[in-house]
Amino acid sequence: MNSKFLRKNKGKMLILLGLFCITLSGFAISSQLNFNHVEASSESTPFESIQPTTTPTPPKPAGTSLTAYSTKNGLILRWKKIEKNNSGYEIQYATNKNFKSKKSAWVKNNTKSSKTIKNLKKNTKYYVRIRTYNQTEQKKIYGGFSKIVSMTTAADVTFLYKEGFYCEKISNSTKKRMTGKSYTKNNYVQLSDLRYVRVQHYDYKGKIQSGELVVNKKIANNTVKVFYELFQKKYPIQRMKLIDDYGADDETSMEANNTSAFNFRNVSGSSNLSKHAYGLAIDINPKINPYIKGSIVLPKNGKSYIQRDVSKCKGKYKSNMIHKNDVAYKIFTKYGFQWGGNWNSLKDYQHFEAK
C-alpha cells in the first residue's frame with residue numbers, strides 16, 4: 001500500500017478504524033455482561049430453591065399387650081389402652097398359630113380396652129393377636145402385633161353367671177389334662193361328679209388374668225359366684241391353674257402360690273381322703289396362707305407367713321393374708337364354706353371347704 005493511496009483514502013480508513021474499535025468495545029462489554037450473568041445464575045434464587053413438598057409420614061402407634069378369657073361361644077379380650085398416635089385396634093383371631101384363614105375384628109376407638117368376640121366354635125382353641133393403627137388421609141399405619149395368646153372356648157356350659165364366669169362339664173381336653181394326674185379311677189368320685197370352672201381374677205400386679213378350677217358339681221355354681229364377687233372387689237390372687245399343670249403335686253402347686261381345688265389325694269399325713277379329693281375344697285394363695293400343724297409348715301416356702309400379725313410379719317405379700325372377717329372370709333362363708341383358719345388342732349389358712 002503506497003502513500004498516495006493512503007492520502008486518497010485517509011477519511012475512509014479513519015471511519016473503518018472507528019467502527020472496528022466500537023465493535024471491539026461492544027464485544028468486551030457483551031462478554032463482561034455474559035460472564036456476570038453466568039456467575040449470577042450459579043446462585044440459587046428464591047424461585048429455584050423451592051423443592052417439591054411431601055407429607056411427612058405420621059409416627060407408628062405404639063404396640064400393646066393382650067389377654068384373653070373364654071366365655072360361652074366366644075372370647076373376652078382385654079388390652080393396654082394406647083391413645084397417642086392411635087386411631088383404633090385390629091384384632092386378628094384364628095384356629096391355628098400361623099393365622100391361616102384368620103378373621104379380623106376392628107375397634108375404631110382408641111379409648112376402648114376390651115371387646116367380646118361371639119359366635120365362635122365351642123371347645124376350640126383360638127389364637128389371638130392385636131395391633132394398633134393410625135388412620136391418615138391416605139392409609140392406615142400399623143403398630144407391631146402383640147404376643148400371640150391362646151384360649152379355648154367353653155365346651156358345654158352348665159351355668160353362665162356373668163361373661164367370663166361359668167362352669168361346664170369336664171370336656172375331653174380337660175379330661176386328658178387330668179387323667180393320670182389329679183384324677184385316677186376310683187370308687188368315690190367320677191368325672192361326671194365334677195365341673196370345670198372358668199373365672200377372671202386380679203393378680204398381684206393388679207392385672208386381670210384368666211383362672212380355672214375343677215370342683216364338685218354340688219358347689220360349682222356357688223364357686224363361680226364367689227370368684228365373681230372377689231373379682232368385683234379386685235381381690236388379688238397370684239395365679240389360678242389346674243393342679244395338673246404342676247403334675248398334681250400339691251407341694252409344688254402351693255410353693256407357686258397357685259390357687260387350686262380338686263386333687264384326688266389324702267389329707268396331708270393321713271390315710272383319709274381330703275375334701276379336695278371330692279372337689280369340695282379350695283385353697284387360696286397357699287404360700288401366704290400356709291397349713292400349720294405343730295412344726296409342720298406347708299408349703300415350706302410359706303414360713304415367712306406363720307406370723308399372721310401384719311404389723312409383725314416379714315413376708316412380701318403380708319397385706320394379702322387371709323384373716324377372719326376380711327373380704328375373702330366373708331364372701332366364702334356367705335356361700336356356705338368354712339375356713340381352715342378357724343380350726344383348733346391345726347391351722348389351714350388357705351383352705352375353704354363346703355360344709
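Modeller: Start with Lys-334, which is exposed in this predicted model. Its relative accessibility is 55%, and exposed means over 50%. Lys-334 has a charged partner, Glu-229. The two form a salt bridge, and their closest N and O atoms are 2.9 Å apart. This pair ties together distant parts of the chain. Lys-334 belongs to helix H6, residues 327-334. Glu-229 belongs to helix H4, residues 220-232. Glu-229 counts as buried, because its relative accessibility is 18% and buried means under 20%.

The structure holds 7 salt bridges. Another one joins Arg-265 and Asp-250, with closest N and O atoms 3.6 Å apart. Here the pair is 15 residues apart, and it also links distant parts of the chain. Asp-250 is in helix H5, while Arg-265 is in the loop between H5 and S13. Both Arg-265 and Asp-250 are buried.

Salt bridges can also share partners. Arg-177, Arg-198, Glu-212 and Asp-245 are joined into one network that way. Take Glu-212 and Arg-177 from that network. Their salt bridge brings the closest N and O atoms to 2.9 Å apart. Glu-212 sits in strand S12, residues 208-216, and Arg-177 in helix H3, residues 172-178. The two are 35 residues apart. Glu-212 is buried, with a relative accessible area of 6%. Arg-177 counts as partly exposed, because its relative accessibility is 27%.

Go back to Arg-265 for a moment. Arg-265 is one of the residues in contact with His-276. His-276 lies in the loop between helix H5 (250-255) and strand S13 (281-283). His-276 has a relative accessible area of 3%, so this residue is buried. What does its side chain reach at 2.8 Å? The answer is the backbone oxygen of Ala-261. The backbone oxygen of Ala-281 lies 3.3 Å from a polar atom of the His-276 side chain. Beyond its neighbours within four places in sequence, His-276 also touches other residues, among them Ser-260, Phe-262, Asp-283 and His-351.

Finish with a strand. In strand S6 (residues 125-135), 9 of the 11 residues are buried, so the strand is largely enclosed by the rest of the structure. Which strands pair with S6? Strand S3 (residues 88-94) does, in the antiparallel sense, over 7 bridges. In that pairing, Ile-91 stands opposite Ile-130 in S6. Strand S8 (residues 149-152) also pairs with S6 in the antiparallel sense, over 4 bridges. There, Val-128 stands opposite Val-149 in S8. Strand S7 (residues 140-142) runs antiparallel to S6 too, joined by 3 bridges. Gln-135 has Lys-140 in S7 as its bridge partner. S6 and S7 form a hairpin, with 4 residues between them.

Note on methods:
Residues numbered from 1 in each chain as written. Predicted model: local features only at pLDDT ≥ 70, side-chain atom pairs only at ≥ 80, totals over all residues. Heavy atoms only, no water. Buried < 20%, exposed > 50% of the residue type's maximum accessible area, 1.4 Å probe, protein only. Pairing = 2+ DSSP bridges. Polar contact = N/O pair within 3.5 Å; in protein donor to acceptor, adjacent residues only side chain to side chain. Contact = heavy atoms within 4.5 Å. Salt bridge = Lys/Arg side-chain N within 4 Å of Asp/Glu carboxyl O.
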